[in-house]
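Hi,

Here is the structure I promised to pass on.

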Amino acid sequence: MAAIPEIHDFLLCETPKTWIDAALENQAVMLIDHANCEKKAAATAMNLLYRYIDRPALLHKLSRLAREELRHFEQVLAIMQKRGIDYVHVSPSRYASSLREGARSHEPAKLVDTLICGALIEARSCERFAKLAPFLDAELKKFYQSLLKSEARHFQDYLKLARQYAGEPIDDRIAFFAAKERVLVESDDPEFRFHSGAYVPVAAKSDLELTSSSGKRRSSM
Ligand SMILES: [Fe+2]
Ligand SMILES: [Fe+2]
């Protein structure tokens with residue numbers, strides 16, 4: 001985190017230790033959900049490419065970003081394959097959908113809010129990669145450290161685009177979403193995912209968590 005002070009300044013809190021512990025204990029779920037997050041990050045950028053064809057800076061930045069996210073997706077898949085982790089269905093966390101709930105519906109406010117949420121999601125991913133890396137095996141550590149740079153750039157790209165298209169100061173909107181993000185990160189969450197909150201295991205829930213949709217028990221490594 002010290003290497004990325006702008007991320008530290010932007011986010012209102014650090015990832016809680018309970019999440020780090022859960023991630024280390026559930027590395028298969030972490031990698032599967034990480035793969036899903038990379039795929040979703042590419043899809044979100046692609047959606048914006050379709051919706052805002054009249055915004056050249058957005059088209060340029062987010063086309064590149066989508067390609068990078070798909071490359072990350074391929075890299076996570078390769079690590080999963082190497083480790084014998086099946087790509088089973090893992091439901092999305094509450095994080096991204098809850099974060100975007102407060103987005104305005106008129107333009108360009110809708111675009112600006114979507115871009116601010118994008119910046120927060122990228123910043124949190126970056127913070128989590130940095131925080132997890134020291135505890136991971138050599139291969140995963142190297143991979144997560146390699147992702148820091150691009151996720152930090154994605155954070156900057158989203159933030160710059162938000163400022164560019166707002167046409168007015170956006171500090172209050174950033175503060176609004178950053179406060180929501182903090183609650184999602186610090187509040188109890190019985191479900192472990194890449195962007196889940198403070199992990200609080202619930203006995204019945206953790207059994208469910210380890211059972212895939214096919215009824216097969218999922219490896220938790
Ligand atoms: Fe990524
Ligand atoms: Fe990213």
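A word on terms before the notes: a residue is called buried if 20 or more other C-beta atoms lie within 10 Å of its own, exposed if 12 or fewer, and partly exposed in between, with C-beta atoms placed from the backbone. By that count, 38% of the 221 residues of the chain are buried.

Keep in mind that this is a predicted model, where local features need pLDDT of at least 70 and side-chain atom pairs count only at pLDDT 80 or more, while totals for chains, interfaces and linings use all residues. Residues are numbered from 1 along each chain as its sequence is written, and chains are lettered from A and ligands numbered from 1 in the order in which they are written.

**Overall picture**

The chain has nine helices and two strands. Helices (H or I, at least four residues) and strands (E, at least two) are DSSP runs, numbered from the N terminus. In order from the N terminus, the elements go α-α-α-α-α-α-α-α-β-β-α.

The C-alpha trace spans about 50 × 35 × 30 Å along its principal axes. A compact globule of 221 residues would have a radius of gyration near 17 Å, and the chain agrees with that because its own value is 17 Å. (The radius is taken over C-alpha atoms, and the globule rule is 2.2 Å times the number of residues to the power 0.38.)

For contacts, the rule is that the C-beta atoms of two residues, placed from the backbone, lie within 7 Å. Among contacts with a separation of 6 or more, 72% are between residues 24 or more positions apart.

**Helix packing**

Two packed helices are described by the angle between their axes and the distance between the axes. The axes here are lines fitted to C-alpha atoms, for helices over the stretch in contact, and angles run from 0 to 180 degrees between N-to-C directions. Angles under 35 degrees count as roughly parallel, over 145 as roughly antiparallel, 65 to 115 as roughly perpendicular and the rest as oblique. As for handedness, a crossing is left-handed if the near helix is turned anticlockwise from the far one by less than a right angle, and right-handed if clockwise. In the residue classes, Ala, Val, Leu, Ile, Met, Phe, Trp, Tyr, Cys and Pro are nonpolar, Asp, Glu, Lys and Arg are charged, and the others, Gly among them, are polar.

Start with helix 6 (residues 109-132) and helix 7 (residues 138-166): their axes come within 8 Å and cross at roughly 160°. That angle makes helix 6 roughly antiparallel to helix 7. Their contact is made up of 21 nonpolar, three polar and two charged residues, and the crossing is left-handed.

Helix 7 also packs with helix 4 (residues 56-82), at an angle of about 160° and with the axes 11 Å apart. Helix 4 and helix 7 are therefore roughly antiparallel, and helix 4 passes helix 7 in a left-handed crossing. Residues that meet there include Leu-58, Leu-65 and His-72 in helix 4, and Phe-143, Leu-147 and His-154 in helix 7. By class, this contact has eight nonpolar, five polar and three charged residues.

What about helix 6 and helix 8 (residues 171-186)? Their axes come within 10 Å and cross at roughly 45°, so the two helices are oblique to each other. This crossing is right-handed. The contact of helix 6 with helix 8 has eight nonpolar, no polar and four charged residues.

**A few residues to look at**

Cys-117 sits in helix 6 and counts as buried because it has 23 C-beta neighbours inside 10 Å. Beyond residues up to four places away in sequence, Cys-117 touches Leu-99, Arg-100, Ala-103 and Phe-177. Its C-alpha atom is 9.1 Å from that of Leu-159, 42 residues apart along the chain.

Ala-23, in helix 2 (residues 17-25), is buried with 25 other C-beta atoms within 10 Å. Leaving aside neighbours within four places in sequence, Ala-23 contacts Met-30 and Leu-132.

Ile-7 belongs to helix 1 (residues 5-10) and is buried too, with 21 other C-beta atoms within 10 Å.

Finally, which residues does a cis peptide bond join? They are Glu-107 and Pro-108, with omega about 5°. Pro-108 lies in the loop between helix 5 (95-100) and helix 6.

Cheers
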